[in-house]
Amino acid sequence: VSSQRALLEEARSLTSEDALKSRISDDLARLGLLDKPLQFSAETIRGGRFDTATLEGNVVVLVFWSAESPHCLIWLPDFIRAMRQIPQAKVRIVLIALDSSQQAVASRLAQLGIPEWTTVCDGKGWESPLARRLGINSLPTVIVLDRSGVVRSISARGDYDLVIRRLLRE
């Protein structure tokens with residue numbers, strides 16, 4: 001992690017492009033989450049309240065996505081199939097939609113056949129305070145917390161299955 005941080009900091013110091021500096025700052029923010037507890041709460045699209053503190057004892061999978069992102073819509077069906085193969089007793093999936101319309105998110109969830117997963121959408125898109133705080137700059141982004149609520153992966157988009165199964169064995 002320290003070598004990744006050093007490389008990102010060097011890259012940020014070498015670029016003059018504001019957009020690239022911002023992206024690197026996001027990457028550094030995500031990197032700073034590793035091996036630390038992550039707590040937040042938010043309203044769900046169904047009107048309830050979600051709080052990471054209530055999920056301790058479970059592996060928590062946070063999926064940042066958008067109902068209108070082609071990358072997400074291509075990726076999600078495989079993720080859904082894989083998650084249905086993992087014992088759900090100790091895994092909680094939380095979808096965090098970076099969209100402006102909760103109705104569009106709910107509609108897309110129904111189309112995908114996943115209305116039961118906790119879903120958060122504050123309607124602020126990329127300007128969501130949570131997305132900004134966690135350095136989210138691409139979709140889908142998958143962050144995985146262990147049973148103690150500690151961030152163990154900040155980029156599990158491609159190997160979420162392995163990360164989750166490893167954490168379930170711990």
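This is a short tour of one predicted model, stop by stop.

Before selecting anything, note that residues are numbered from 1 along each chain as its sequence is written. Because the model is predicted, local features need pLDDT of at least 70 and side-chain atom pairs count only at pLDDT 80 or more, while totals for chains, interfaces and linings use all residues; side-chain values use heavy atoms, with hydrogens and water left out.

**Stop 1: the whole chain**

Show the chain as a cartoon. Its secondary structure consists of six helices and seven strands. Here helices (H or I, at least four residues) and strands (E, at least two) are DSSP runs, numbered from the N terminus. Switch to the C-alpha trace: along its principal axes it spans about 45 × 40 × 30 Å.

**Stop 2: surface and interior**

The accessible area of the chain is about 8700 Å², and carbon and sulfur atoms hold 50% of that; the area comes from the Shrake-Rupley method with a 1.4 Å probe. Of the 170 residues, 47% are buried, meaning under 20% relative accessible area with a 1.4 Å probe and protein chains only.

Now colour by charge. There are 22 positive and 20 negative side chains, and the centres of the two sets lie 5 Å apart. Lys and Arg count as positive and Asp and Glu as negative; His and the chain ends are not counted. Each charge is placed at NZ of Lys, CZ of Arg, CG of Asp or CD of Glu.

**Stop 3: D26**

Select D26, which is in helix α2 (residues 18-31). Is D26 buried or exposed? With a relative accessibility of 12%, D26 counts as buried.

**Stop 4: the cysteines**

How many disulfides does the whole structure hold? A search finds zero, a disulfide being a pair of cysteine sulfur atoms within 2.5 Å. For C72, the nearest cysteine sulfur is that of C121, 13 Å away. C72 is buried at a relative accessible area of 0%, and C121 is buried at 2%.

Note on methods
Buried < 20%, exposed > 50% of the residue type's maximum accessible area, 1.4 Å probe, protein only.
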